[in-house]
Amino acid sequence: MTFGEAISRCLGDYAEFSGRSSRAEFWLFALFHLLCVAGAAALDLAFTLGMGAPAPLCTLLTWLALLLPGAAVQVRRLHDVGRGGRWLALAVVPLIGPAALLMLYLMPGEPEANRFGPPAEQRDGLRWA
């Protein structure tokens, strides 16, 4: 799976919370999300320095635009390791929750079909060991 394929799949399935996402798809979309927010923050900083007034509008709009696709790919990634989408609620537990989610995101997906569907690597044609 290439960077462009991962982005188009995540944005195309922006509200699809069923199925599974591979590690490649998840982490490439995370990189895309980081680059978009960093670019928006740079625009906000340039506007702030030019106008002398804070304007975090670009960063906020970028974050809002990527909120639903990001949540969907996170849920699908949890499905790939055999967990339900409710595990995403761990994000609100300080320190321990995000660390636990990170560990789940780093785990390899289940090699066989689970209750969420066939393995994501079969669909992507790429397996990250």
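Helices (H or I, at least four residues) and strands (E, at least two) are taken here as DSSP runs, numbered from the N terminus. The structure is a predicted model, in which local features need pLDDT of at least 70 and side-chain atom pairs count only at pLDDT 80 or more, whereas totals for chains, interfaces and linings use all residues. Residues are numbered from 1 along each chain as its sequence is written, and side-chain values use heavy atoms, with hydrogens and water left out.

The secondary structure of the protein chain consists of five helices and zero strands. Along the sequence this gives the pattern α-α-α-α-α. Taken along the principal axes, the box filled by the C-alpha atoms is roughly 55 × 35 × 25 Å. The protein chain has 129 residues, and buried residues make up 33% of them; buried means under 20% relative accessible area, exposed over 50%, and partly exposed in between (1.4 Å probe, protein chains only). Of the contacts with a separation of 6 or more, 69% are accounted for by residues 24 or more positions apart, a contact being heavy atoms within 4.5 Å.

Helix packing was examined next. Two packed helices are described by the angle between their axes and the distance between the axes. Axes are lines fitted to C-alpha atoms, for helices over the stretch in contact, and angles run from 0 to 180 degrees between N-to-C directions. Angles under 35 degrees count as roughly parallel, over 145 as roughly antiparallel, 65 to 115 as roughly perpendicular and the rest as oblique.

Helix 1 (residues 3-12) packs on helix 2 at an angle of about 85 degrees, and their axes are 9 Å apart. Helix 1 and helix 2 are therefore roughly perpendicular to each other. Helix 1 contributes Phe3, Ala6, Ile7, Arg9, Cys10 and Leu11 to the contact, and helix 2 contributes Glu25, Leu28, Phe29, Leu31, Phe32 and Leu35. These residues divide into ten nonpolar, no polar and two charged. In this division, Ala, Val, Leu, Ile, Met, Phe, Trp, Tyr, Cys and Pro count as nonpolar, Asp, Glu, Lys and Arg as charged, and the others, Gly among them, as polar.

Between helix 2 and helix 3 the angle is about 170 degrees, with the axes 9 Å apart. That makes helix 2 roughly antiparallel to helix 3. On the helix 2 side, the residues that meet helix 3 include Phe26, Phe29, Phe32 and Val37, and those of helix 3 include Trp63, Leu66, Val73 and Arg77. The residues of this contact divide into 14 nonpolar, five polar and five charged.

Two residues of helix 3 were examined individually. Cys58 is found in helix 3 and is partly exposed, with a relative accessible area of 32%. Not counting residues up to four places away in sequence, Cys58 touches Ala40, Leu43 and Asp44. Cys58 and Leu88 are 30 residues apart along the chain, and their C-alpha atoms are separated by 26 Å. Arg77 also lies in helix 3 but is buried, with a relative accessible area of 0%. With residues up to four places away in sequence not counted, Arg77 touches Ser21, Ser22, Arg23, Phe26, Leu104, Tyr105, Met107, Pro108 and Gly109.

In helix 4 (residues 96-106), the buried residues are Gly97, Leu101, Leu104 and Tyr105. They lie on the same side of helix 4, because they cover an arc of only 100 degrees around the axis; the arc is that of the directions from the helix axis to the C-beta atoms. These buried residues pack against helix 2 (23-51) and helix 3 (57-80). Ile96 and Met103, on the other side of helix 4, are exposed.

The loops on either side of helix 4 were also considered. Leu95, in the loop between helix 3 and helix 4, has a positive phi of about 60 degrees although it is not a glycine. At 76% relative accessibility, Leu95 counts as exposed. Glu110 is found in the loop between helix 4 and helix 5 (120-124) and is partly exposed, with a relative accessible area of 25%. Leaving aside neighbours within four places in sequence, Glu110 is in contact with Arg20, Asp80, Val81, Gly82 and Pro119. Glu110 and Ala120 are ten residues apart in sequence, and their C-alpha atoms are 8.9 Å apart in space.
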